[in-house]
Amino acid sequence: MQLHGASLRRLARARHPVYPDPMTRKGHSFEDIPAMADEIAVLMASRLGGVRRGERPPLHVMLRRRGGALPFRLRARAARLAEADRLSAQPKVARQLPRARLGRDHAALAAHLRPLGELSRWQGRAISFGASVALGLLVVGALAIWIMLQRGLL
């Protein structure tokens, strides 16, 4: 009896009705750990800043620069992921790392750092700049009116 791919998927769904959360990235092998750490470092750089143009620092550098901007528990998870990234360079040690826990750490950090996209952050910066300009014009206008009142022109 030969089963096609669709039949296998249907059977798998029937036996396993609960699928893992799509937000969690399961570290299937120790080779996924550097990719997870790099993704978090890029998200931290885009969300929290602290990098020069064209620079892509590793996670442990981003933690040293902007780790204080993360909540305490997420900072501990990021430190765990950075340490695992450092240890994953040695294959024998990397095979002993808790990949499921690192996958959960990655998912929690990504969920915290992803909500705002690059466009939303750019719009936020533009609105902030516009509000600063408007406040400056308001102060200059109030100062001009005060000077005109003092001189008796109004």
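Does Leu-43 count as buried or exposed, and at what relative accessibility? At 14% relative accessibility, Leu-43 counts as buried, where buried means under 20% relative accessible area and exposed over 50%, with partly exposed in between (1.4 Å probe, protein chains only).

The model is predicted, so that local features need pLDDT of at least 70 and side-chain atom pairs count only at pLDDT 80 or more, while totals for chains, interfaces and linings use all residues. Residues are numbered from 1 along each chain as its sequence is written, and side-chain values use heavy atoms, with hydrogens and water left out.

View 1. Helices (H or I, at least four residues) are DSSP runs, numbered from the N terminus. Leu-43 touches Leu-48, Ala-110, Leu-113 and Arg-114, not counting residues up to four places away in sequence; contact means heavy atoms within 4.5 Å. Leu-43 and Arg-114 lie 71 residues apart in sequence, yet their C-alpha atoms are 7.0 Å apart in space.

**View 2. The largest nonpolar core.** Such a core is a set of buried Ala, Val, Leu, Ile, Met, Phe, Trp, Tyr and Cys residues joined through side-chain atoms within 4.5 Å. Among its 24 residues, Ile-40, Met-44 and Leu-59 touch the most other members. Two or more residues each come from α2 (32–48), α3 (59–66), α4 (72–87) and α6 (99–113), and α2 gives the most, with eight.

**View 3. Packing of α2 against α4.** The two axes, lines fitted to C-alpha atoms over the stretch in contact, with angles from 0 to 180 degrees between N-to-C directions, come within 9 Å and cross at roughly 135°. The helices α2 and α4 are therefore oblique to each other; angles under 35 degrees count as roughly parallel, over 145 as roughly antiparallel, 65 to 115 as roughly perpendicular and the rest as oblique. The contact is made by Ile-33, Pro-34, Met-36, Ala-37 and Ile-40 of α2 and by Leu-81, Ala-84 and Asp-85 of α4.

**View 4. Packing of α4 against α6.** These helices pack at an angle of about 130°, with their axes 9 Å apart, and are therefore oblique to each other. Residues in the contact include Leu-74, Arg-77 and Ala-78 of α4 and Arg-101, Leu-102 and Arg-104 of α6.
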